[in-house]
Number of protein chains: 4
Amino acid sequence: MKRVAVIGYSGNPHLFSLSLKELCIEIGKELGKKYIVYTGGRDGVMELVSKGVKEVGGVSLGILPFEEDGNKYVTHQIQTGLDFQMRSFILVKNVDVVVSIGGEIGTAIEILGAYSNRKPVILMSGTGGWTDRIQKVLIEGKYLDNRKLAVVYKATSILEMLKILEKTIGE
Amino acid sequence: MKRVAVIGYSGNPHLFSLSLKELCIEIGKELGKKYIVYTGGRDGVMELVSKGVKEVGGVSLGILPFEEDGNKYVTHQIQTGLDFQMRSFILVKNVDVVVSIGGEIGTAIEILGAYSNRKPVILMSGTGGWTDRIQKVLIEGKYLDNRKLAVVYKATSILEMLKILEKTIGE
Amino acid sequence: MKRVAVIGYSGNPHLFSLSLKELCIEIGKELGKKYIVYTGGRDGVMELVSKGVKEVGGVSLGILPFEEDGNKYVTHQIQTGLDFQMRSFILVKNVDVVVSIGGEIGTAIEILGAYSNRKPVILMSGTGGWTDRIQKVLIEGKYLDNRKLAVVYKATSILEMLKILEKTIGE
Amino acid sequence: MKRVAVIGYSGNPHLFSLSLKELCIEIGKELGKKYIVYTGGRDGVMELVSKGVKEVGGVSLGILPFEEDGNKYVTHQIQTGLDFQMRSFILVKNVDVVVSIGGEIGTAIEILGAYSNRKPVILMSGTGGWTDRIQKVLIEGKYLDNRKLAVVYKATSILEMLKILEKTIGE
C-alpha cells in the first residue's frame, strides 16, 4: 500500500470551524480506505485525520516528537526522541505524497521538507495558513526552488485531491 | 497493547543455524499474539521475528536506517533517515521491553541504549554474541551501571521470556 | 562572544557574480571581527563567508551533513552524521541571529527553522533566491506565522546588517 | 590538526578524587598542545579536560545535548538539540581517536559508538567504571565484536596514551 502524510494546523480540534473539522475527518476517511496514513501524531488536523482513518478501519501512524504519546486515534505511534522540526523530516521521508491543510510554521517546514525530499505535495486550497501562503511563492506555479525537485499541486476539493493522488501514486 | 522490541544478529537468515532460525520465528509467533513487535526492520533476527509475527497475524514495525526498505515481513516500516546507531535509539525508546538474541556491536549498543532509556532487557541466554557477552559485566547480576536504571533479565527459554514479560509489562 | 550563522546559496563559488562573491567575503570579514560565525561548512556562500572570516583572523564553525569534510576556510568542522536538512536545525539552534544570502530550498528551510527556534533572521535584500522570495509572505512585514516567534529583518547593505546585529545581540 | 575525544564520568568534578582530577587536567594539557579536543561539553571529566586544554591555550569543542550550555572551559560549544545518547554519536564521528576515563552507561555507549564508527579507543586503565569493565569483554584483547572494526587500546599512564596516539594518528 502507498503511504500518504497529512500535515496542518495543530491545536485543540474542538476550536476548529465545523467545515475544517469535517474536511479533516473526510480526508482521513478517504485516504484510510486506500492508503497508509502518516501524521505528526498530535492534536489538530493530525487528530481529526486519524479519527477519520479509524472510522473506516484504516491504519494511521503518528510520528511523534520526543517521547510524547499520540492522540487516541492513531493506530501506531512512533516516538522519535527528536524535537518538533527534526521529527518532521522523518514524517515526510516515509511517504509517497504529502497533503497539507492550513498550518503555522511547523507545516511550512514540512511542506518545504517534503519538497526537498522530492515528495509531491497537495495543498488543500482555501484552508488558510501556510497551505495558502506558500502558493504566493511557487515558481512556475508548482515548484519551490529552481531545482524542480517535486511538484506542488493545489486541490480545491477532496475529489480533486484523490484524483491527483491516483495520478501520482496510483490506487 | 504493550510494545516489545527484538534485537540481535543481522545478516542472511538462511545462514543461521536451524535452532537459531526456529527460536527467532517462535519468538515472533509468541510475541505477535499479545504485543506490537518492533525491530530494526532489516535482515537476520529482525526478518525471522517479523516472519513469525506475520504467521500469527500480529503486527511488527521496522525502524529502519536511512531510507532503506524493510524486509518483506514487516507490517509497517519507518525510515528514519538516521544512521544505524542513531536509529537504534528510536527503536528502544518506542517499547516497554527489549528482547535480545546474539548480536554484534549494533546489538550491544541497543542493549545499552535500552538500559540508558530505563527499558528492561531480556537476554536470551545461550544465543551467543553480545547477548551472552554482556552477562559477564552485569553489576549485581542485573544492572549495567551504578545508577540501576532498569533490570537486565536472562531467559533460557521462550517460556521463561514470556513469564518475565508478563511480570514486567503484563499481558 | 555572540554567535551568528550565515546561510545561502551552495554551489561552486567561482560561478558566483563578482558582487555576490564580494558581498559574502565582506560579510565574513565584518562578522569575523566581532562574532563567532557558523555556517553549513560546505561550498558557495558558506565557503566565501568562512574565507572572509579567516582573512581577519576570526573563527568560523562548519556544521556539516553526514561525515563530509568542510571547506578549507572553516576553523573547525562538526560532522553531524545527519542529512542536509536535519543538520540545518543544529546550525540554527547554535546561534543568536541568522543572516541569509540568496539560496534555494535548503536556505528556505533554514530561514523557517531559525524562526521556529525563535532566532531573528536578517535577509540580505536583493540577493535573490529564497532570501528575496520569503519577503513576499511575511506577516506584518516581519513574521513567518501568527505566533510571532521572532523578527525577520531586511538589510540592504552590510552596514545596515551590522546595525541590526548591534541592536539585537550587541557587539 | 588531528582531533581527539575524551569521554568519561559526568558529575560534580569537585567530588572527584584528587588523582582522578589531576589525571583529567593533565590529559587535557597534553592533548591541548597537539590536538583539537572534543568532549561532551558538560561537567565531570569533560569539564576537567577542557580546563587542562585551556591552561595550555589549546582548543576544546563541547558537543552538547539539547540546548544546554557547555562548561566554562570549552572554547566552542555545539548544541545538537539531540538527547544525551544520540549526541554522543556526533561526538565520536568527529574525531580520530577516543580516550576513555571511568564512566557510567553513557561512557559505555560512547566506547561502543566509537568502535562501531571505526574509531580507535584508548582505555585509561585503572580509572574504574566502564573504562575498566569493558576490558573484561574484549575479543582477542582488543576488539568489541567479530568484525574487528577498530582497535581498543589500554594505557596505564598519560605517557603511554600519548605514544598510542602518536602511533595511530601521528603528532
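**View 1. Cysteines without disulfides.** Counted over all chains, the number of disulfides is zero, where a disulfide is a pair of cysteine sulfur atoms within 2.5 Å. This is a predicted model, in which local features need pLDDT of at least 70 and side-chain atom pairs count only at pLDDT 80 or more, while totals for chains, interfaces and linings use all residues. Residues are numbered from 1 along each chain as its sequence is written, chains are lettered from A and ligands numbered from 1 in the order in which they are written, and side-chain values use heavy atoms, with hydrogens and water left out.

View 2. C24(C) is buried at a relative accessible area of 0%, buried meaning under 20% relative accessible area (1.4 Å probe, protein chains only). Beyond neighbours within four places in sequence, C24(C) has contacts with V45(C), L48(C), V49(C) and I101(C), a contact being heavy atoms within 4.5 Å. Over in chain D, C24(D) is likewise buried, with 0% relative accessibility.

**View 3. The open sheet of chain A.** Seven parallel strands line up as β4-β3-β2-β1-β5-β6-β7 in chain A; two strands pair if DSSP finds at least two bridges between them. Because β4 (76-79) and β7 (152-155) of chain A each have a single partner strand, one side of each lacks a neighbour in the sheet.

**View 4. Strands β2 and β3 of chain A.** Three bridges link the parallel strands β2 (residues 36-39) and β3 (residues 60-64) of chain A. Look for Y38(A) opposite L61(A) in β3(A).

Conventions
Helices (H or I, at least four residues) and strands (E, at least two) are DSSP runs, numbered from the N terminus. Buried means under 20% relative accessible area, exposed over 50%, partly exposed in between (1.4 Å probe, protein chains only).
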